[in-house]
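Student: Can we go through the salt bridges in this one? I've got the sequence and the model open.

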Amino acid sequence: MTKANQMLIVLIFILLLTTIAFIWSNSLQSIPESQERSLGVMDKITSVLEVFVGKGNVTDHLVRKLAHFTEFSALGCELALLAVLRKSVRLQPFINCLFIGLAVAVIDETIQIFSNRGSQVSDVLLDFSGSVTGIVFVLLIRWLVLAIRRKRGRVI
């Protein structure tokens, strides 16, 4: 493993920890703080979302669910990148990535119980599907890169 690869692994790991801290810190917010933040984000992205869901159909609920999915997609990408960079492209490392994504989602919803926001199984499922999407995205990109390199005669 090269020095540059090792540094990249460390950076991705730090980014992963930062993402988890961000996810969990959002769950520590009170209901009014969380709503205020969601409405602020909603104001900024409504025009973009309306292209996909139609004018007037962007709601606080949609923005919150999209935020859950997006946060966990980033988490899944980071987990998969770590496995790829460590040259651990076998089944077990990716099962571990799935388990970590699910564990972070369950802990996230548990934190919300203690911040009086309530917990929803549907959010765990949404979070987990976000992390699966991120993992699959990285694997697809890796597969495309390898296919292009093979076609050019440069297998890694």
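Student: Okay, which residue's side chain meets Glu 50 in a salt bridge?

Tutor: Heads up, this is a predicted model, so local features need pLDDT of at least 70 and side-chain atom pairs count only at pLDDT 80 or more, while totals for chains, interfaces and linings use all residues. Numbering runs from 1 along each chain as its sequence is written, and side-chain values use heavy atoms, with hydrogens and water left out. A salt bridge here is a side-chain nitrogen of Lys or Arg within 4 Å of a carboxyl oxygen of Asp or Glu. For Glu 50, the N to O distance is 3.8 Å, and the partner is Lys 55.

Student: Is Lys 55 buried or exposed?

Tutor: Buried means under 20% relative accessible area, exposed over 50%, and partly exposed in between (1.4 Å probe, protein chains only). Lys 55 has a relative accessible area of 74%, so call it exposed.

Student: In which helix do Arg 64 and Asp 60 both lie?

Tutor: Their side chains meet in a salt bridge at 3.1 Å, N to O. Helices are DSSP runs (H or I, at least four residues), numbered from the N terminus. The two are four residues apart, about one turn, in residues 60-85, which is helix α3.

Student: How far apart are the closest N and O atoms of Asp 123 and Lys 65?

Tutor: Both residues are buried. They form a salt bridge, with those atoms at a separation of 2.4 Å.

Student: And how many salt bridges does the count come to?

Tutor: Going by that rule, the count is three.
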